[in-house]
Amino acid sequence: SGFNSIGHMDSMLRGRHQIGHCKEGEEFIQNVIHVLFQIFTGKEKSNLAICWLQYEISKVVQCLQAKKKKKLKAQGRRSKKLAKNFLKAPDNRNNLCLWKLYAYLEWLLGNMDDARKVFDTALCTAGTGGLKSAQLCSLSLLYAQLEVELLESIEGAVMSRAVHILTKLTENGPYVPYSGQVSPVNVLKARKTYEHALQDYLSKTPVFDQDQVNDTDQLVNLVGCYALFQYLTVGIDAAVLIYTQASEKLEASSSQKCENTGENFGILNFRTALEAVTLLHTNLLRFHMKISVYPLNPLREALTEALKRYPSNQSLWRSYIHIQRKSHCASKARRFFDSVTRSTNSLEPWLFAIQAEQMRKKLTEKVQRADVGEIHCTIPETGLTNRIVALFEHAVQSVNGTHCPLLWRMYLNFMV
């Protein structure tokens, strides 16, 4: 009909149902991918397969969030079939990116043992590149991160599967699946190897060419693996130290590049790498706070600094809103949103400022209507409503906001 939303608008509710991937939009996307898949060959075809599988995974995540078990089962079957077909193709058999996505898919569907088998198979067939192989580092990092998320506390984590994965990565030998034992000597050797590898990367004089893209990717994966290794074997402070060192070096390289040449390519790589390192840092702090007692301030400071730099990063904004929900004082967050929206043309700060206020409104109404059923409270909460309307008004007047269909729909939705 031409009026359906293609893809999904998961920030809006229609009655009790969340707007998901609508039928016409889904058909359109599938048709486009099928047509392109017949045209592409070689590396392009592999890259398209990776994009396709990532898209399928996004649908699985959506089913998980909506808690639709029936739909999740059917979606899981389709996605797994697609992933297996991709991996059967001769060109993709050694593609670690596809193996990584397939293992992640199994993990999301709750098949932990199958996912571990896929990860182990991929690591066994990946060869012995060790810390020099970007794909191997990326695969090991995801595997270790997923295993760490299963831990209930940091006590005894040094004997965990995650430490085994990160230790094996440094040995440059064939991978051996976890058998329940991690030798303390191997842990010490691994720490030294990580330390030297990171120092080598950080002391490199930046060379600005095409290889630099792989180099910065590799640095991010290396920092992620080393910091997670330190977190599990020493503690949170040791991990934060690694992130700080890497961030300082990347910042220095980025500003040095600005002074030396007028090229933007190199600067962009360093900024992307710095953003990725910041994201790893804040995610680890959030996880640590979940499983142990730790002050909120380091995370809040890291997030506010990062968001001033990367106002378009949705993951960082989600984390920021999540921690602010726990605070009963809204003024600090409001001042921060206000300062960011003044200093950038990005639309994300507006959208998240609106979302934060809507969550606050929902919470206030829930408290006011407690134990009264559907009877509305006699004193309506108009302050928050007026604030949200004012935010919408300012947002739709901004450069990017005027042309954003999502923002207008959210505004209409709220007014209704």
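Predicted model: local features only at pLDDT ≥ 70, side-chain atom pairs only at ≥ 80, totals over all residues.
Residues are numbered from 1 along each chain as its sequence is written, and side-chain values use heavy atoms, with hydrogens and water left out.

Let's start with the charged pairs. Side chains of opposite charge can pair when their charged atoms come close. A salt bridge here is a side-chain nitrogen of Lys or Arg within 4 Å of a carboxyl oxygen of Asp or Glu, and the count by this rule is 11. One of them links Glu 26 to Lys 59, with N and O 2.6 Å apart. Glu 26 sits in helix α1 (residues 23-39) and Lys 59 in helix α2 (residues 42-66), so this pair ties together parts that are 33 residues apart in sequence. Helices, by the way, are DSSP runs (H or I, at least four residues), numbered from the N terminus. Glu 26 and Lys 59 are both buried, where buried means under 20% relative accessible area, exposed means over 50%, and partly exposed lies in between (1.4 Å probe, protein chains only).

Other salt bridges stay within a helix. In helix α5 (residues 112-125), Arg 116 and Asp 113 are three residues apart, about one turn of the helix, and their side chains meet in a salt bridge at 3.8 Å, N to O. Arg 116 is buried at 18% relative accessibility, whereas Asp 113 is exposed at 53%. Glu 305 and Lys 308 are likewise three residues apart, about one helical turn, in helix α12 (residues 297-309). The closest N and O atoms of their salt bridge are 3.6 Å apart. Salt bridges that share partners also join Asp 113, Arg 116, Glu 147 and Arg 161 into one network.

Arg 161 brings us to helix α7 (residues 161-169). Nine of its nine residues are buried, so α7 is largely enclosed by the rest of the structure. Among the buried residues are Arg 161, His 164 and Lys 168, along with Val 163, Ile 165 and Leu 166.

Leu 284, in helix α11 (residues 265-291), is buried at 8% relative accessibility. Leu 284 and Ala 239 are 45 residues apart in sequence, with 8.7 Å between their C-alpha atoms. Ile 354 belongs to helix α15 (residues 348-368) and is buried at 0% relative accessibility. Its C-alpha atom is 9.5 Å from that of Met 410, 56 residues away along the chain.

What about the cysteines? A disulfide is a pair of cysteine sulfur atoms within 2.5 Å, and the structure holds zero of them. The sulfur of Cys 225 is 4.8 Å from the closest cysteine sulfur, in Cys 137, which is too far for a bond. Cys 225 is buried at 0% relative accessible area, while Cys 124 is partly exposed at 39%.

Finally, the surface. Lys 68, Lys 71, Lys 73, Arg 77 and Arg 78 gather there in a patch of positive charge. Patches are made of residues with over 30% relative accessible area and no salt bridge, with like charges joined within 9 Å and nonpolar side chains (Val, Leu, Ile, Met, Phe, Trp, Tyr) within 5 Å. Lys 73, a member of this patch, lies in helix α3 (residues 69-88) and is exposed, with a relative accessible area of 62%.

Notes
Areas by Shrake-Rupley, 256 points an atom, 1.4 Å probe, with all protein chains shown as cover. Lys, Arg positive; Asp, Glu negative; His and termini not counted. Charge placed at Lys NZ, Arg CZ, Asp CG, Glu CD. Helix = DSSP H or I, 4+ residues; strand = E, 2+ residues; numbered from the N terminus.
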